[in-house]
Amino acid sequence: MPEIAEPVSVSLPATRSLRDSTGASILIIDDEGAIRESLDTLLTLEGFNVTMAIDGPSGLDQLSRNQYDLLLLDLALPGESGIDLLPRILEIQPQLPVIMITAYGTVGNVVDAIRAGAENFTQKPWDNEKLLADIRTAVSRHRAEEEVVQLKRTLKQRYNFEHIIGKSEPMLRLFDMVGQVAPSRSTVLIQGESGTGKELIAKAIHANSPRRDKPFVPVNTGAVPSELLESTLFGHVKGAFTSAVSSKKGLFEVANGGTLFLDEIGTMGIDMQAKILRVLQDRRFMHLGGTSEIQVDVRIIAATNVNLQQAVRDGRFREDLFYRLNVIALELPPLRSRREDIPLLAAHFLKFYAEENGMEPRVLAPDAMRVLMDYEWPGNVRELENAMERGVVLSTAKTIPADLLPAQLTGSTYSASILDHRPDASLFDLMEEIERRIIADRLERCHWNQTEAAEYFKIPLSTLNQKIKRLNVEIKKRSLRD
């Protein structure tokens with residue numbers, strides 16, 4: 001859930017050199033295998049990242065899924081010609097420079113290609129040096145335009161800090177840290193209790209970095225079964241395991257050029273920790289079942305709500321990985337330690353949920369605000385948000401009184417509530433109902449993360465699952481607001 005903050009002054013990040021085309025991504029669409037291989041060899045040796053497509057449909061598919069710095073497009077493709085295809089290409093990526101290539105160059109072809117939106121035109125067989133010079137010029141212009149767009153976006157968004165509420169001293173210090181670390185390439189470790197907004201901070205770092213226009217890919221490592229996590233992160237080749245009917249990219253590849261956010265990294269198994277450490281060290285990995293290494297440029301932001309140093313001492317987390325992740329550590333303060341932010345947060349959530357439900361603006365009654373200020377907030381900002389959503393939905397007037405707030409805020413006990421509503425129930429039934437409510441309440445506070453709830457109750461996950469089934473506890477879909 002977006003949050004709002006007062007403006008924070010930060011300096012703009014340094015931009016990359018516009019003359020440097022190294023590492024630019026180039027797509028080649030050509031139906032002749034020899035032409036594709038020749039261009040791939042030439043461009044790869046010059047430091048470009050090359051992707052190839054054999055026809056228009058496969059090229060359009062690549063363009064819809066990936067961003068490129070330049071397209072080399074064959075004029076005489078099977079089906080639609082390159083000129084016919086060009087308007088559809090520019091609908092997908094309007095600023096993409098396109099160089100047309102053909103064995104049959106005529107003045108008419110050149111004019112048609114330029115009118116359709118091509119950057120330049122070259123004829124087979126091409127002159128390597130001239131083609132490379134044309135490519136470098138087009139890429140430099142494209143990147144220069146990107147830098148202008150990014151700068152305008154940065155000035156307009158003021159570093160996205162308007163999405164994070166806080167005027168308390170701990171939050172102002174955090175804003176300063178985010179402003180300093182965002183432009184760097186350094187790995188960041190975000191620590192904080194559940195519900196404090198770790199993913200929100202990770203997104204702010206990404207949005208204010210030079211990678212802002214590349215993917216931000218979040219993965220909750222605690223929510224992915226351990227046997228699937230390696231395939232999820234690193235991808236797999238066809239036949240790597242029984243259900244691998246086709247090859248699939250992992251999230252490291254999806255996030256290439258951008259940021260990969262590893263949430264709940266403290267729950268990751270030791271074997272997987274070793275694989276993550278290797279990627280952090282070498283920026284290389286292999287698909288599950290694969291034999292060739294893949295190189296990626298990904299910034300890692302990790303988050304945890306457990307004490308990783310204690311986990312290292314307990315042998316549950318690798319010390320070398322901890323120090324690799326702990327290059328820059330950001331600590332998110334719990335809501336109880338920044339109570340001056342509670343009225344701001346409450347007002348924001350009330351406004352948001354009133355608008356979302358098509359209702360008039362809502363405000364808290366004085367007794368309701370006193371409840372918020374006195375409560376310890378074990379579920380942090382997420383728990384406050386849920387409480388405000390409940391208040392808005394249940395309210396019939398502009399002012400929300402304390403009795404519309406959740407029972408745990410106002411001090412009502414499970415047992416008192418149950419006794420009031422089930423006066424004829426047996427002791428056994430009452431105890432089951434209390435256990436059901438306690439489990440449901442903790443799951444809600446844990447964002448419906450059963451692993452986290454089991455750790456809180458200090459019981460095995462299998463035991464918690466058995467209780468959930470026996471007591472018919474309703475499991476809701478997990479939110480993405482952490």
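## The second largest cavity

In this predicted model, the second largest cavity is lined by E264, T267, N305, V306, T451, E452 and E455. Its volume is about 40 Å³. The lining divides into one nonpolar, three polar and three charged residues.

## Helix α19

Helix α19 spans residues 450-457. Its buried residues are E452, A453 and A454. E452 also belongs to the lining of the second largest cavity. The cover over the buried residues of α19 includes α18 (427-445) and α20 (461-471).

Both ends of the helix have something to show. T451 is itself one of the residues lining the second largest cavity. Just after α19, K458 takes a positive phi of about 60 degrees.

## The largest cavity

How many cavities of 30 Å³ or more does the count give? The count comes to two. Empty space of this kind is found by rolling a probe the size of a water molecule over the atoms. The largest cavity holds about 50 Å³ of space. It has 11 lining residues. Closest to the centre are I164, M171, T196, L332 and R338.

Which elements give two or more residues to this lining? They are α6 (169-181) and α7 (198-207). By residue class, the lining of the largest cavity divides into seven nonpolar, two polar and two charged. For the second largest cavity, the division is one nonpolar, three polar and three charged.

## G179 in helix α6

Helix α6, a contributor to the lining of the largest cavity, also holds G179. Is G179 buried or exposed? G179 counts as buried because its relative accessibility is 10%, and the cut-off for buried is under 20%.

I205 is 26 residues away from G179 along the chain. The C-alpha atoms of G179 and I205 are separated by 7.7 Å.

## D134 in helix α5

D134 lies in helix α5, which covers residues 128-157. Why does this residue count as buried? Its relative accessibility is 17%, so D134 falls in the buried class. That class takes values under 20%.

Which residues does D134 touch, not counting those up to four places away in sequence? The contacts of D134 are I99 and N120.

Terms used
Residues numbered from 1 in each chain as written. Predicted model: local features only at pLDDT ≥ 70, side-chain atom pairs only at ≥ 80, totals over all residues. Heavy atoms only, no water. 1 Å grid on protein atoms, 1.4 Å probe; cavity = no way out; pocket = protein on both sides within 12 Å on 5 of 7 lines; lining within 4 Å. Points joined across faces, edges and corners; volume = space filled by probe spheres on them. Helix = DSSP H or I, 4+ residues; strand = E, 2+ residues; numbered from the N terminus. Nonpolar A, V, L, I, M, F, W, Y, C, P; charged D, E, K, R; others polar. Buried < 20%, exposed > 50% of the residue type's maximum accessible area, 1.4 Å probe, protein only. Contact = heavy atoms within 4.5 Å.
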